[in-house]
Amino acid sequence: MADLYPPQADDYPTTERSRVRREHHRGSHARTDVHAILDASPLCHVGYVINGAPYVTPTLHWREGDHVYWHGSAASRFLRAAEDMPVCLTCSLMDGYVLARSAFNHSVNYRSAMVFGTARLLEDVEEKADALRRFIENLFPGRWDGLRPMTRQEVKATSVLRMEIDEATAKVRNGPPGDIDEADFPVWAGVLPVRSHLAPAEAAPGLPHGIELPEPLAALIQSGRIR
């Protein structure tokens, strides 16, 4: 079977840790493929090993070039322990249930990315504040300038981590069931698509009269994108 993502010149290195062992034709180490999934996913999971025990925490993330950022409370023991620690960050998007003629051949259509690197804390207050600004602007373009400015204490209470991507793998399944040889079996087979999208906005309690939903947010909702 041909590779879904043939090797490219601008690939992340393929190592024993990052190489795809099963269904390798669905895998890719190309930066463009990995970045597309990181950018489309609103949520990631970050895996650490702390005092010999594994932990995985969900958080929002954003990417700038070959760096991935995430944030959380400065009081978090996970984020305090993550400084200079090797971590694994994963994103996944589910695009559909794949129903085959047999239970064994059922599957899902999905996009996933797994990236590896070393977490670094941003220590400088101004650097952190600017990273958080870029985070908000990445999700909601044009929103930052209208917000109440962050206080210095709020910035100090927030940790921002940055990880340069050393190794990465993307893996995708997209298509119908792979059991065309059993098409004569009398049971329905096909794909049940799964779609994630923004729903109509719900105003916060106490919102002063006359403050309407900004046009950029209305356009974002209308676009159907979740990021």
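Which residue in S9 does Tyr110 stand opposite? Tyr110 faces Arg173.

## The model

This is a predicted model, where local features need pLDDT of at least 70, side-chain atom pairs count only at pLDDT 80 or more, and totals for chains, interfaces and linings use all residues. Residues are numbered from 1 along each chain as its sequence is written, and side-chain values use heavy atoms, without hydrogens and water.

## The whole chain

The protein chain has five helices and 10 strands. Helices (H or I, at least four residues) and strands (E, at least two) are DSSP runs, numbered from the N terminus. The C-alpha trace spans about 65 × 50 × 35 Å along its principal axes.

The protein chain holds 227 residues, and 33% of them are buried. Buried means under 20% relative accessible area, with a 1.4 Å probe and protein chains only.

## Strand S7 and its partners

Strands pair if DSSP finds at least two bridges between them. S7 covers residues 107-121. S6 (residues 86-99) runs antiparallel to S7, with 12 bridges. Here Ser92 stands opposite Ser112.

S9 (residues 167-173) is also antiparallel to S7, joined by seven bridges. The Tyr110 and Arg173 positions belong to this pairing. Three bridges link S7 to S8 (residues 158-164), again antiparallel. Arg120 stands opposite Arg162 in S8.

## Asn109

Asn109 lies in S7. Asn109 is buried, at a relative accessible area of 4%. Leaving aside neighbours within four places in sequence, its contacts include Leu93, Gly96, Arg173 and Val191. Contact means heavy atoms within 4.5 Å.

Note on methods:
Buried means under 20% relative accessible area, exposed over 50%, partly exposed in between (1.4 Å probe, protein chains only).
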